[in-house]
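Visitor: Before we start, please show me the structure. I will then ask what the descriptions rest on.

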Amino acid sequence: DSAVYYSGLHGASVNFDFTFESIWNYFRLASHPTLSYTFFMLIGEFLFPAKVTGVLLVMLFMTAVALVFIYKMFCGYWGHLPRFMAMVFTFVISFIPLFWGTSTYVNVDYTLILFFIYLMYAEYKGQAIMMAFWTIALLLNKETGWMIVAGYYMIYLLRQWKKTKGANFGL
């Protein structure tokens with residue numbers, strides 16, 4: 001899969017001409033609606049043309065940002081952990097084999113995780129515009145992003161409904 005995605009990214013960078021047609025034709029990789037993935041990964045491809053290094057650097061940067069967001073959510077959103085414990089849990093998450101294996105691989109599925117973390121962080125911070133942006137990024141990443149968004153917003157709406165009813169059942 002990695003070679004297919006990267007060759008599509010390279011083709012998108014070569015054929016990009018600032019038109020909607022080039023975005024529509026070349027940003028969809030391997031028959032997936034990968035418009036948001038391609039948008040972010042092409043930053044690396046434009047910086048280091050025809051080398052996977054640029055794409056992996058973008059992935060590394062996006063992963064580091066996601067880990068910072070996870071740490072902040074451990075401190076204030078998911079249980080108000082002490083800073084040291086939040087750091088330990090974030091460190092453990094960063095060494096999960098699935099996390100390691102997919103962060104160094106040109107893979108559309110990995111950005112689903114990153115965009116979802118960004119969406120949760122935007123909710124935590126109360127940033128409605130960023131929530132909309134990361135929702136759209138998930139929807140325009142891969143088909144499974146639609147399921148993630150559907151599940152997330154079902155829980156989100158349930159939590160909002162419970163807040164208005166004055167009941168909090170741990171959601």
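Guide: The mean positions of the 10 positive and 7 negative charges of the protein are 20 Å apart. This is a predicted model, in which local features need pLDDT of at least 70 and side-chain atom pairs pLDDT 80 or more, while totals for chains, interfaces and linings use all residues. Residues are numbered from 1 along each chain as its sequence is written, and side-chain values use heavy atoms, without hydrogens and water.

Visitor: What makes a residue count as positive or negative?

Guide: Lys and Arg count as positive, Asp and Glu as negative, and His and the chain ends are not counted. Each charge is placed at NZ of Lys, CZ of Arg, CG of Asp or CD of Glu.

Visitor: Why is Tyr-110 called buried?

Guide: Buried means under 20% relative accessible area (1.4 Å probe, protein chains only). Tyr-110 has 1%, so the residue is buried. Of the 171 residues in the protein, 39% are buried.

Visitor: Which residues does Tyr-110 touch?

Guide: Leaving out residues up to four places away in sequence, Tyr-110 touches Met-59, Thr-63, Phe-99, Thr-102 and Ser-103. A contact means heavy atoms within 4.5 Å. For Phe-99, 11 residues from Tyr-110 along the chain, the C-alpha separation is 8.4 Å.

Visitor: Where in the fold does Tyr-110 lie?

Guide: Tyr-110 lies in helix α7, residues 108-125. Helices are DSSP runs of H or I with at least four residues, strands are runs of E with at least two, and both are numbered from the N terminus. The protein has 9 helices and 0 strands.

Definitions and conventions: Buried < 20%, exposed > 50% of the residue type's maximum accessible area, 1.4 Å probe, protein only.
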